[in-house]
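Subject: Structure handover

Hello,

Here is the structure I promised to pass on. My notes on it follow below.

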Amino acid sequence: MKLNRNKALLMAYALGLGLSAESMAGDINITDGNLQDWGLFTNSSGRQPWTPGGNSNDKNGTGQYSHQGLTIYYTFEDYTGGNGGFVDPGYGGQAYDAEAIYVTWDADNLYIALVTGHNPNTKETNGNYAAGDFALNFWKDADDGIYDFGIRTPHNFNSSSNPANIGQFTTDVYKTTNDDWLKDPFWGTGVVTSLDTQKLTSQDKVGSATMRVTKLPGSLDIGPGPAGHSHWLYEVSVDKSIFGDAFKNNTDLDISWTMNCSNDVITVQDDIPTIDEPPAWALLGLTLPAVYWRRRRSATC
Ligand SMILES: [Ca+2]
Ligand SMILES: [Ca+2]
Ligand SMILES: [Ca+2]
């Protein structure tokens, strides 16, 4: 028997399988601890490349791809050498490697995935540096260099039950100026690292994010690095309404992450597609051109 998708869905409901339309649509799932929902699968040679069609030996790349109706923007910069090596602008090898970042959004939510060799439970002691926060820079036409929002990572270091930064968290989202951020302490880049909790007030908090931090399985050879390299995954979901009109009023969104020493900084640049405003004659009720405009618009959306 041949079924189309709608019939199959109806049958699934009738059979009580609880299969939702959302699960069929291939949405980003930030609670599953893997990257398959970002279109990243292990290839026939047992490696997971940094992009769906990528060569598994690729170490550096930026761009975008489509996966199940989503446009996914990415940057990957994979350090594959030995302990303590240069990861730009600093050193630290795999333990300080910000390896890949992916960003997409649908009508409701912004999603981020970060893969790093930096252990989320690294404490700020003995020359080690903890994880920073996600920094969002919206801009229109030209980069204004202002970080407009920050999404906090867990920062749990007082617990006696470390490792406490692995798991699922509800974290704070803040509206920021650059003054609300700690900065690169060593390399003179001026990049922001963690939110400065001394500067932020309760009025600066604009909402919450859902964040899952996972240690990827040791058997997963992601990227071209040696099999012994560890990787952690941060997946984030944020309701876009938290950002007010930022998605409407800007042409670009850059999202950065680093650790508090900023030894390795990773940034992904995303284009925000502009939506055509209806021309004046369409608003004046001139039927034929309005119909034409609607058709043209639906054909391009
Ligand atoms: Ca996932
Ligand atoms: Ca690496
Ligand atoms: Ca900005």
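What percentage of the residues in the protein chain is buried? Buried residues make up 33% of the 301 residues. A residue counts as buried if 20 or more other C-beta atoms lie within 10 Å of its own, as exposed if 12 or fewer do, and as partly exposed in between, with C-beta atoms placed from the backbone.

This is a predicted model, where local features need pLDDT of at least 70, side-chain atom pairs count only at pLDDT 80 or more, and totals for chains, interfaces and linings use all residues. Residues are numbered from 1 along each chain as its sequence is written, while chains are lettered from A and ligands numbered from 1 in the order in which they are written.

The overall fold: the protein chain has five helices and 15 strands. These are DSSP runs numbered from the N terminus: helices are H or I, at least four residues, and strands are E, at least two. Take contacts between residues at least 6 apart in sequence: 57% of them join residues at least 24 apart. A contact means C-beta atoms, placed from the backbone, within 7 Å.

Now two loop residues.

D58 sits in the loop between β1 (47-48) and β2 (60-67). D58 is partly exposed because it has 14 C-beta neighbours inside 10 Å. Leaving aside residues up to four places away in sequence, D58 touches P49, W50 and P224. G225 is 167 residues from D58 in sequence, yet their C-alpha atoms are 9.9 Å apart.

P217 lies in the loop between β11 (205-215) and β12 (221-222). P217 is exposed, because 10 other C-beta atoms are within 10 Å. From P217 to W232, 15 residues apart along the chain, the C-alpha separation is 9.0 Å.

Best wishes

Key. Contact = placed C-beta atoms within 7 Å.
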